Amino acid sequence: MRVIEKNGFKIGVVEAPWFLKTAADVLDVIGEAGYAGCGSVILMEEALPASFFDLSSRVAGEFLQKFVNYRLQVAIVGEFGKFSSKSLKDFMYESNKGREVMFLSSETEAIQKISGDA
């Protein structure tokens, strides 16, 4: 996990070669983030299984609930225009209204939003 510091915020960035397949993998990320003193985590789309973006699989809910339970803010960064699911788009839209879970198009945008620059 790469750690970025901005405006007093420590942010863990999860990217390749990390690949989160199970809830146990998510707990590993949460543990590493906690050890590094991060209050937020950025997950790159390529670190997530395709099933994450199929809401009927319940993978997104399972993974994201772990971050919420451990009070870690999480931003998922990727190119989401390729997904056609209305329910997924609605979920991303509603998530972006809050501050716990965000879906953003770039790491820079995620860092700005997390650190209060956006």
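A: **The inside of the model**

The largest nonpolar core contains 27 residues, and the ones with the most contacts inside it are L43, F52, F67 and I76. A nonpolar core is here a set of buried Ala, Val, Leu, Ile, Met, Phe, Trp, Tyr and Cys residues joined through side-chain atoms within 4.5 Å, where buried means under 20% relative accessible area, exposed over 50%, and partly exposed in between, with a 1.4 Å probe and protein chains only. At least two residues of this core come from each of α1 (23-36), β3 (40-44), α2 (59-69), β4 (73-77), α3 and β5 (101-104), and the largest share, five residues, is supplied by α2. These helices (H or I, at least four residues) and strands (E, at least two) are DSSP runs numbered from the N terminus.

The model is predicted, with pLDDT of at least 70 needed for local features and 80 or more for side-chain atom pairs to count, while totals for chains, interfaces and linings use all residues. Residues are numbered from 1 along each chain as its sequence is written, and side-chain values use heavy atoms, with hydrogens and water left out.

Leaving aside residues up to four places away in sequence, F67 touches V26, V29, I30, V41, L43, L72 and V74, where contact means heavy atoms within 4.5 Å. Apart from this core lies another, of 12 residues, including I42, M44, A75 and A110.

A110 also belongs to helix α4 (residues 107-115), in which E107, A110, I111, I114 and S115 are buried. These residues are on the same side of α4 because they cover an arc of only 115° around the axis, the arc being that of the directions from the helix axis to the C-beta atoms. The cover over the buried residues of α4 includes β1 (2-6), β2 (9-14), β3, β4 and β5.

Those five strands form an open sheet in the order β1-β2-β3-β4-β5, with mixed pairing, and two strands count as paired if DSSP finds at least two bridges between them. The edge strands are β1 and β5, each of which pairs on one side only. β4 and β5 pair in the parallel sense over four bridges, and V77 has L104 in β5 as its bridge partner.

Finally, S95, found in helix α3 (residues 86-97), is buried, with a relative accessible area of 11%. Not counting residues up to four places away in sequence, S95 touches V101 and F103.
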